[in-house]
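Colleague: I would like to learn how to read the features of a model like this one. Please take them one at a time.

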Amino acid sequence: QSYIDASAVFFPPFDGLSIVTLGLVSTSATYLAEGQACVAAVMATGFTARVLTPAPLESTIDPTNATGYCHLAMVAGHPAAVYNISGESLRYCRANDPLGASWGTPEVLDTNHIWESSNLIIVNGNPAVSYYDSNHDDLMFIRATDSLGTSWFPPMAVYTNGDTGRYPSMQVIGDYPAISFKDDTRNELYYVRSTNIIGRGWPAP
């Protein structure tokens with residue numbers, strides 16, 4: 001899989017009938033804010049927020065180069081993004097307002113691995129991320145210690161048997177976080193559910 005050096009761009013609300021020219025894009029994500037569609041895209045023009053309705057507006061999320069894969073979620077009423085920085089770090093950033101017109105200081109979640117795909121959701125009230133460590137071929141999990149994502153528990157490995165953890169999809173199932181993912185070694189789809197509500201323990205899938 002090839003990567004491009006680019007930064008991620010955030011596009012808050014736009015008219016669904018509008019055509020948005022993004023340029024060179026390696027990945028994108030969408031979410032709903034105050035009933036309006038928003039888009040984040042990793043592209044060569046910078047990690048920027050642009051409101052297309054009612055008037056154009058741009059704001060920088062993170063000027064550092066990214067290398068694909070971003071994911072969005074609403075965290076305490078504001079959009080938040082998790083994204084990769086050129087094989088250097090996994091980062092999280094939350095907007096200062098409900099539409100993403102301005103953004104806070106990015107939080108570095110992990111610096112020991114290279115991340116390929118990630119998934120951001122709310123787990124027991126706090127933001128949490130599942131992601132694939134493409135350096136060690138493992139499925140990883142990390143959760144914030146607070147509801148805004150200003151501090152985080154250390155990352156933990158969920159499953160490490162072979163080349164596993166690609167394309168994670170995480171949801172809360174019966175109050176416990178659960179992840180489905182691809183195992184490349186066996187070419188199978190796996191599912192695993194945490195043994196506690198904050199995701200600090202994981203059985204074999």
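**Strands, sheets and confidence**

Modeller: Strands here are DSSP runs of E with at least two residues, helices are runs of H or I with at least four residues, and both are numbered from the N terminus. Two strands count as paired if DSSP finds at least two bridges between them. In this pair, Ala-73 stands opposite Ala-80 of β7. The hairpin has two residues between its strands, and Ala-76 takes a positive phi near 50 degrees.

Colleague: What kind of model is it, and how are the residues numbered?

Modeller: It is a predicted model, in which local features need pLDDT of at least 70 and side-chain atom pairs count only at pLDDT 80 or more, while totals for chains, interfaces and linings use all residues. Residues are numbered from 1 along each chain as its sequence is written, and side-chain values use heavy atoms, with hydrogens and water left out.

Colleague: Where does pLDDT stay under 50?

Modeller: pLDDT is the predictor's confidence in each residue, from 0 to 100. The protein averages 76, and 65% of the residues score at least 70. The value stays under 50 over residues 1-27, for which the model has 105 contacts beyond four places in sequence; a contact means heavy atoms within 4.5 Å. Over residues 48-56 the pLDDT is also below 50, and that stretch has 32 contacts beyond near neighbours in sequence.

Colleague: How many helices and strands does the protein have?

Modeller: There are zero helices and 16 strands. In general, strands of a sheet pair through backbone hydrogen bonds, either parallel or antiparallel. Strand β15 (residues 176-183) pairs with β16 over six bridges, and Asp-183 has Glu-188 as its bridge partner in β16.

Colleague: Is Thr-164 buried or exposed?

Modeller: Buried means under 20% relative accessible area, exposed over 50%, and partly exposed in between (1.4 Å probe, protein chains only). Thr-164, in strand β14 (residues 164-173), counts as buried because its relative accessibility is 0%. Beyond four places in sequence, its contacts include Tyr-132, Leu-139 and Phe-181. Of the 205 residues of the protein, 50% count as buried.

Colleague: Which backbone oxygens lie by the side chain of Ser-194?

Modeller: Ser-194 is in the segment after β16 (188-193), and is buried at 3% relative accessibility. A polar atom of its side chain lies 3.0 Å from the backbone oxygen of Asn-196 and 2.7 Å from that of Gly-201.

Colleague: What is the phi of Asn-124, and what is that of Asp-175?

Modeller: Asn-124 has a positive phi near 50 degrees; Asn-124 lies in the loop between β10 (115-123) and β11 (126-133) and is partly exposed at 45%. Asp-175, in the loop between β14 and β15, has a positive phi near 75 degrees and counts as exposed at 58% relative accessibility.

Definitions and conventions: Polar contact = N/O pair within 3.5 Å; in protein donor to acceptor, adjacent residues only side chain to side chain.
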